[in-house]
Amino acid sequence: MTEPDPNQHRAFERVWGNRPGWGALAAVNHTSIGLRFMGTGIFFFLVGGLLAMLIRTQIALPEQEIIGPETYNQLFTMHGTVMMFLFAIPVLEGLAIYMIPKMIGTRDLVFPRISSLGYYCYLFGGLIILSSLFLGIAPNSGWFMYTPLSSAEYAPGPGSDFWLLGITFVEISAMAAGIELTVSILRSRAPGMTLSKMPIFCWYILAMALMIVFGFPPLILGSILLELERAAGLPFFQVAGGGDPLLWQHLFWLFGHPEVYIIFLPAAGIVSTLIPVFAQRPLVGYRWIVLAIMITGFISFGLWVHHMFTVGIPQLAQAFFSAASMLVAVPTAIQVFAWLATLWVGKVIFSLPMLWVFGFLVVFVCGGLTGVMLALVPFNWQVHDTHFVVAHLHYVLVGGMFFPLMAGLYYWLPHLSGRMPSRNLGNWGFWLTFIGFNVTFLLMHLTGLLGMPRRVYTYESGMGWDGLNLLSSVGGFIMSAGIALIILDVVLHFRFGKPAPRNPWNADTLEWATRTPPSSYNFLSQPRIETRHPLWDRPDLPDTIAAGAHGLRDIGHGRREIYGTDAVHARLKEVIHLPTNSWWPLLSALALAVVCISLLIRTYPLALVALAVATGLLLRWSWENGAHPKAAPLGLQEPTDPPLHSRTCDGPGLWGMAVTLLADATLYLSLLFSWFYLWTVSPEWRLPEETPLALAPLVLCGLLLAAAVALYSRMTQRLRLGQDRNLLANTALVALLGVLHTAALIGVFAGADLRPTELAHDAVLMVMLFYLLFHSGLATVATGLQAWRVKLGYLSARLPYEPMVLKPFWMYTLGIFWLSVAVFLLLPMAWGSA
């Protein structure tokens, strides 16, 4: 492979490289952040695996007292929490963050600092959750935290609070990654790489990212409501106050079942990427697989109740969700048959990564069959809360995620290290893992069918479970030996592995056009890509990229630049300038961690101070954008065809705002769902005779907000036309109207006759008012800062970008205000008078 000119390489590294020493903590480069996600995820995986082996040791024989019941409850709760929240999703996000820019032919993701913030939120949140285990106060209500078991009455210690606050903190990271990946895939692909030419892995990651955007907000809301109940006594899940404990299950599984496919889809993307490479022919049924991906993501949001068949839901609902649960097998089968067809018509190379792929096919298909069995309501009733369900869960998640992840590890290991993996050690690692896994969990199906319940720390002898449990535990240790051998193999690989040739697997995707290990900037020049298999169709592409034969090869301006293209046809639209190394993400995450810890120890004044600090840091972070001297100030040497994105009206920030508002709207819809669910289902729900909120002041608030939004919309329309007359005055006036609106809303809140600790009705109203206040206050502060930026020359007709980004937020704030008035105020009034 042609190496770039050494001087040019050094110039690119000065701009794109990480700082030395401790300065590496300020890195925002996607390669560094992706590796950190994966490395941290592996650490949590080892912790989760150790907890699993302690569990298997305890139940290997009947009537053992190696671990007491309270410790056992903590262990199985933390095992599930660590594996689901701290390993599976983050490590796949890390792989996506590392791979996506390289696959779509760009140098980085579009919001690098958000990636860095996401990593630190994940790291600190995970450590907070894990610390509870070492302090002996870990949560003990199960990784699903069902109420009332997790409520203050039955879990009075801080364990549940560690889970609720820590998981919410971690979910900030997941949401950041979901937004980042969605916008990057849609808006920064190489010119010419239309959606139909996009690598299949990117389709899987796009589906995963969008599912995170829509799937995580219900759990975030549920965690907030349960923590408010525990800390402040708001009765969202208490029947006596008008709440309902089943509301938690609905909110949790609205997240929990899509999460299964959030984990499965990226892993299936690895399989769809590897099989064509080792069959040495294009993937059969590319468009069918894309359709199956989208259908899988859509259907997954309609399956959550199949986790609740035994809670007493109506039979019609059971029939609907049973049918939907079986229907999801159809798009999954499309993918499996496409993989088999590709192998059938290709010339398969039986390499180490393919060994893990075949293991995946066997284990996952078995897990899918037991999933169809569990979709049948009568059978589900029989095996619910038994080891059969535990076995099914592991067959789907370990078979559907861990085996493909190992295949991807060995496939991309030469990309990470520049060295080839060891086939001998790798084979031993695979077979020990495969045999140990099946011995462990295949037998657990039988113990479940024989009636062994899950989550019991011991059992009497003579129940028919003794021998099966002992063999399952032996299988667990065999699997652990296999994983230990894999770890040893990877460690030795970086020291003793044979140097890898260029594109060692003869792959077709662009990540193999980079250096191995990759440079900080991926591509010295950004090529135009008009084929789905660029390295097969243009074998000289790595050389021409390194020789600077394509676009964006100039680095003299000192900016980190990538191409911005339109979402569908990948037509070149702008040059996106990215932020460089920054301490703001780390500092902001540290402040948010202090908020989390302060809430855990119930030191609320400190939490308020830390929240104010975090808000200040985030706003200061946002200041270094656009034409700021540390970003892309106006100058004579900036490109005009295409222009820098901060000189346009449709850059990636607008798309980021749109995707963020989709997540925000999902959170709000989850609140509406909770309101209507409690209203219609809770036996003690009570509507007050008179509304506790005054209608006339709320209408005044809405009119002030409508005036602010109308003026802001008119201002942005004029900016689109190149007119910035009175821009400072108009921006300041919008901010003033926002202040008046927010102050009036605070007055309504203060004057409301709410009894949130007595009535779930009033508690939901209080959450709704806080939600509206947050949005109104944030929009007002952001507009005030924009007025200041107008005065400094950072916003003008030539620099119209930032108001275009904020406009959707103002419109969303107006929409949720009037919808809230209609749903939370006018509808109950009309219902009460009917």
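I began with proline 642, which I found in the loop between helix H19 (604-623) and helix H20 (652-681). The model is a predicted one, and in it the peptide bond from aspartate 641 to proline 642 is cis, with omega near 5°. I then turned to proline 148, which sits in the loop between helix H4 (112-134) and helix H5 (159-187); here a cis peptide bond joins threonine 147 and proline 148, and omega is about 5°.

Next I looked up backbone angles. Aspartate 385 has a phi near 60°, a positive value in a residue other than glycine, and I located aspartate 385 in the loop between helix H12 (377-383) and helix H13 (387-417). I noted its relative accessibility as 29%, so aspartate 385 counts as partly exposed. Arginine 455, which is not a glycine, also has a positive phi, about 65°, and I placed arginine 455 in the loop between H14 and helix H15 (466-496). With a relative accessible area of 29%, arginine 455 is partly exposed.

I then asked myself how H11 and H14 are oriented to each other. The axes of helix H11 (residues 352-375) and helix H14 (residues 423-449) come within 10 Å and cross at roughly 10°, and because angles under 35 degrees count as roughly parallel, I recorded H11 and H14 as roughly parallel to each other. On the H11 side I listed the residues that make the contact as Leu352, Leu355, Trp356, Gly359, Val362, Val363 and Thr370, while the H14 side includes Arg423, Trp431, Phe434, Phe437 and His445. Sorted by class, the contact of H11 with H14 has nine nonpolar, eight polar and one charged residues.

My next entry concerns the cysteines.

I gave cysteine 701 an entry of its own. Cysteine 701 has its place in helix H21 (residues 695-720) and counts as buried, at 0% relative accessibility. Leaving aside residues up to four places away in sequence, I recorded that cysteine 701 touches His741, Ala744, Leu745, Val748 and Phe817. For phenylalanine 817, which is 116 residues from cysteine 701 along the chain, I noted that the C-alpha atoms of the two are separated by 9.1 Å.

Last, I looked at the chain as a whole. The protein chain has 24 helices and two strands, and its C-alpha trace spans about 80 × 75 × 45 Å along its principal axes. I compared the radius of gyration of the protein chain, 27 Å, with the value near 28 Å that a compact globule of 834 residues would have, and the two agree. Buried residues make up 61% of the 834 residues. Of the contacts in the protein chain with a separation of 6 or more, I noted that 82% are accounted for by residues 24 or more positions apart.

Note on methods. Residues are numbered from 1 along each chain as its sequence is written. This is a predicted model: local features need pLDDT of at least 70, side-chain atom pairs count only at pLDDT 80 or more; totals for chains, interfaces and linings use all residues. Side-chain values use heavy atoms; hydrogens and water are left out. Axes are lines fitted to C-alpha atoms, for helices over the stretch in contact, and angles run from 0 to 180 degrees between N-to-C directions. Helices (H or I, at least four residues) and strands (E, at least two) are DSSP runs, numbered from the N terminus. Angles under 35 degrees count as roughly parallel, over 145 as roughly antiparallel, 65 to 115 as roughly perpendicular and the rest as oblique. Contact means heavy atoms within 4.5 Å. Ala, Val, Leu, Ile, Met, Phe, Trp, Tyr, Cys and Pro count as nonpolar, Asp, Glu, Lys and Arg as charged, and the others, Gly among them, as polar. Buried means under 20% relative accessible area, exposed over 50%, partly exposed in between (1.4 Å probe, protein chains only). The radius of gyration is taken over C-alpha atoms; the globule rule is 2.2 Å times the number of residues to the power 0.38.
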